[in-house]
Structure formats: structure tokens, C-alpha cells
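User: Hello! I am new to this structure and would like a friendly tour of it. Could you show it to me and then take my questions one by one?

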Amino acid sequence: MSFAAQYKDHYPALYKLAVRRLHGSRARCYIQVGAYGRSANADRAGKRLTQAGLPVEHRVVDRNGSQLNLILAGPFSDVTQLRRALERARDAGFADAYVK
């Protein structure tokens, strides 16, 4: 199996980003590590990401009348950076982290 095929199978979101980048799109992707109802929990998650050396973005969104705190790593516009950041987030304890 070729490297590209393995990449597509194991990292589908990263593969899509790579395809967009190759076609001139200025894609900026994030890694979502969690959605928290309590801002204190979101702050703790953000600190763990910062300690892992990742850029952090904290967004507050409204879901059905309640505030939800999203913790994201990024933005990343390079596939290699995105892949490494996803691995780093998972190593920091965010096993369910995913590319958004």
C-alpha cells in the first residue's frame, strides 16, 4: 500500500486538508479536544494543551439555550503540523481529540 493510501485510511481529515492545500485552498483547521459546560473545566483543559506546547482557542457557543465551552488547538494550515498537534493532544490525555 502506498504512503498516500495509508495516510488516507489512517488520517482521513488530514488527507482532506492535504488535498485542499494542494489545490490552493487556504484551509485552517483546528483540533477539538473537548466541549465543557463549566468554564473552569475548559480552562483546565486549555492549560493542559498549553503545557503540551499547542496554541489554544477557547470558544463559547450557545447550544439549546446553554453555554458550551469548546477548547480547540490551532489553527493549523500545514498537514504535518496538524498531524503532530493531534498526536500531541492525544498524548496529553485527550484521546477523543479530532480534527475540526
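Analyst: Welcome! Let us begin with a term: two strands pair if DSSP finds at least two bridges between them. Helices (H or I, at least four residues) and strands (E, at least two) are DSSP runs, numbered from the N terminus. This is a predicted model, in which local features need pLDDT of at least 70, side-chain atom pairs count only at pLDDT 80 or more, and totals for chains, interfaces and linings use all residues. Residues are numbered from 1 along each chain as its sequence is written, and side-chain values use heavy atoms, with hydrogens and water left out.

User: In what pattern do helices and strands follow one another along the sequence?

Analyst: The secondary structure comes to four helices and four strands. Read along the sequence, they follow the pattern α-α-β-α-β-β-α-β.

User: How many bridges join β1 to β4?

Analyst: Strand β1 covers residues 29-36, and β1 and β4 run antiparallel. Within this pairing, Gln32 stands opposite Tyr98 in β4. The number of bridges joining β1 to β4 is two.

User: And how many bridges are there between β1 and β3?

Analyst: Here, too, the pairing is in the antiparallel sense. Gln32 stands opposite Leu72 in β3. The count of bridges between β1 and β3 is six.

User: Which strands are the edge strands of the sheet?

Analyst: The open sheet has four strands in the order β2-β3-β1-β4, with antiparallel pairing. An edge strand pairs on one side only, and this applies to β2 (56-63) and β4 (98-99).

User: Why is β1 largely enclosed by the rest of the structure?

Analyst: A residue is called buried under 20% relative accessible area, exposed over 50%, and partly exposed in between (1.4 Å probe, protein chains only). β1 has eight residues, and β1 is largely enclosed because the number of them that are buried is seven.

User: At what angle does α4 run to β1?

Analyst: Contact means heavy atoms within 4.5 Å. Axes are lines fitted to C-alpha atoms, for helices over the stretch in contact, and angles run from 0 to 180 degrees between N-to-C directions. Helix α4 lies across β1, β3 and β4, and its angle to β1 is about 25°.

User: Is Ala85 buried or exposed?

Analyst: Ala85 is found in helix α4. Leaving aside neighbours within four places in sequence, Ala85 is in contact with Ile31, Leu54 and Phe76. With a relative accessibility of 3%, Ala85 counts as buried.

User: What distance separates the C-alpha atoms of Ala85 and Gly74?

Analyst: Along the chain, Ala85 and Gly74 are 11 residues apart.

User: With which side chain does the side chain of Asn69 make a polar contact?

Analyst: A polar contact is a pair of N or O atoms within 3.5 Å; within protein, one must be able to donate a hydrogen and the other to accept it, and residues adjacent in sequence count only if both atoms are side-chain atoms. Asn69 is found in strand β3 (residues 66-76) and counts as buried at 6% relative accessibility. Not counting residues up to four places away in sequence, Asn69 touches several residues, among them Gly34, Tyr36, Ser39 and Val60. Its polar contact, at 2.8 Å, is with the side chain of His58.

User: How many salt bridges are there?

Analyst: A salt bridge is a side-chain nitrogen of Lys or Arg within 4 Å of a carboxyl oxygen of Asp or Glu. Arg59 forms one with Glu57, where the closest N and O atoms are 2.7 Å apart. Arg83 forms one with Glu87, where the closest N and O atoms are 3.4 Å apart. By this rule the count is two.

User: In which helix do Arg83 and Glu87 lie?

Analyst: Arg83 is partly exposed, with a relative accessible area of 22%, and Glu87 is partly exposed too, at 33%. They are four residues apart, about one turn of the helix, and both lie in residues 79-91, which form helix α4.

User: Finally, what percentage of the residues of the chain count as buried?

Analyst: The chain has 100 residues. Among contacts between residues at least 6 apart in sequence, 63% join residues at least 24 apart. The share of residues that count as buried is 33%.
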